[in-house]
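Hi everyone, and thanks for making the time. I'd like to walk you through a structure this morning, so please have the viewer open and follow along.

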Amino acid sequence: MRRTDVIDQELRRQAVDRAYRDHADDVYRVAFGILRDPDGAVDATHDTFARAFERWEQYDANRPLRAWLHGIVTNTALDALRRRRVRQLAVPVLGRVAELESGGPRSGGDPAVEVVRRRIVDEGLATLKPEARAAVVLRHYYGYDYAEIAGFLRTSPGNVGSILSRAHATLRGRLAAEPAASETRPGGAALSQPTVVASPPETRPAPPPAANGR
């Protein structure tokens, strides 16, 4: 290997190391939101940075690095699901659901009702197709617009809108079917679209081989 190639490899490795330090938690959150599996999310995080190392020359420095990594992890996680042919993973959900009402935080609510609501939404997320879970996480946790999500999922913005609409309807339907969760507002006002927040791991994933220089 020529000396210039060695230098290029080292510079690339340093760049991926920095990317990992800055964005590993965010990458993990997206992976977990799609996979609903902590171990699988760690694997997808490692695979994402390994792919980033291999494709670093494709990164456009004029674009946000986090968005580029989110695109890689989205497809990495979806690929993992396709390989395993899994629609629903029976793994305890590590997540919390943000306020489901557009009026903001509830005051004086029954904690038991909130627990039921969160469980129902988590169960509803697990039944969604992988692409729908990806769209919900990218939209409601990170605030990506339809065009950006379409780029991640390799589809059209219009299809993203349809995916999200169906996902929201599924989640609202599950909430409405549960008596304890449906008692949200006087008069039975409709729930707003849920925002899903996937919690980061208690300890960040170990650096992938590419980032460690092995």
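The chain averages a pLDDT of 74, and 63% of the residues score at least 70. Where is confidence lowest, and where is it highest? The lowest is strand S1, residues 95–97, with a mean of 36, while the highest is helix H2, residues 38–54, at 93. There are also stretches towards which I'd ask for some caution. Over residues 184–203 the pLDDT stays under 50, and the model has 45 contacts for them beyond four places in sequence. Residues 209–214 are also below 50, with 12 contacts beyond near neighbours in sequence. Where pLDDT is low, the predicted coordinates should not be read in detail.

In soluble globular proteins, nonpolar side chains tend to be buried together. Here, the largest nonpolar core has 47 residues, and the members that touch the most others are Phe49, Trp56, Trp68 and Leu69. Which helices supply at least two residues each? They are H1, which covers 3–35, along with H2, H3, H5, H6 and H7. H1 gives the most, with 12 residues.

Let's stay with one of those contributors, H5, at residues 130–140. Of its 11 residues, 9 are buried, so H5 is largely enclosed by the rest of the structure. The buried ones are Pro130, Ala132, Arg133, Ala134, Ala135, Val136, Val137, Leu138 and His140. You'll notice that Arg133 and His140 are on that list.

How do H5 and H7 pack against each other? Their axes are 9 Å apart, at an angle of about 95°, and that makes H5 roughly perpendicular to H7. From H5, the contact uses Glu131, Ala132, Ala135, Val136, Arg139 and His140; from H7, it uses Ile163, Leu164, Ala167 and His168. By class, this contact has 6 nonpolar, 2 polar and 2 charged residues.

H7, residues 157–176, also packs with H6, residues 146–153. Here the angle is about 95° and the axes are 8 Å apart. Tyr146, Ala147, Ile149 and Ala150 are the H6 side of the contact, and they meet Pro157, Val160, Gly161 and Leu164 of H7. That contact divides into 7 nonpolar residues, 1 polar and no charged. If you have both contacts on screen, look for Leu164: it takes part in the contact with H5 and in the contact with H6.

Is Thr76 buried or exposed? Thr76 counts as buried, at 2% relative accessibility. Leaving out residues up to four places away in sequence, Thr76 touches Ala44, Asp47, Thr48 and Arg51.

Take His23 as an example: it is 42 residues from Leu65 along the chain, yet their C-alpha atoms are separated by 8.6 Å.

Over in H1 we find Tyr20, which counts as buried at 4% relative accessibility. Tyr20 and Leu69 are 49 residues apart in sequence, and 9.8 Å apart from C-alpha to C-alpha.

Let me finish with a pair of arginines in loops. Arg36 lies in the loop between H1 and H2, and Arg154 lies in the loop between H6 and H7. Arg36 has a positive phi of about 60° although it is not a glycine. For Arg154, phi is near 60°, again a positive value in a residue other than glycine. And which is buried, and which exposed? Arg36 is buried, with a relative accessible area of 4%, whereas Arg154 counts as exposed at 67%.

That's my tour, and I'm happy to take questions.

Methods:
Residues numbered from 1 in each chain as written. Predicted model: local features only at pLDDT ≥ 70, side-chain atom pairs only at ≥ 80, totals over all residues. Heavy atoms only, no water. Axes fitted to C-alpha atoms, helices over the stretch in contact; angles between N-to-C directions. Helix = DSSP H or I, 4+ residues; strand = E, 2+ residues; numbered from the N terminus. Contact = heavy atoms within 4.5 Å. Nonpolar A, V, L, I, M, F, W, Y, C, P; charged D, E, K, R; others polar. Buried < 20%, exposed > 50% of the residue type's maximum accessible area, 1.4 Å probe, protein only. pLDDT = per-residue confidence, 0-100. Core = buried A, V, L, I, M, F, W, Y, C linked by side-chain atoms within 4.5 Å. Parallel < 35°, antiparallel > 145°, perpendicular 65-115°, else oblique.
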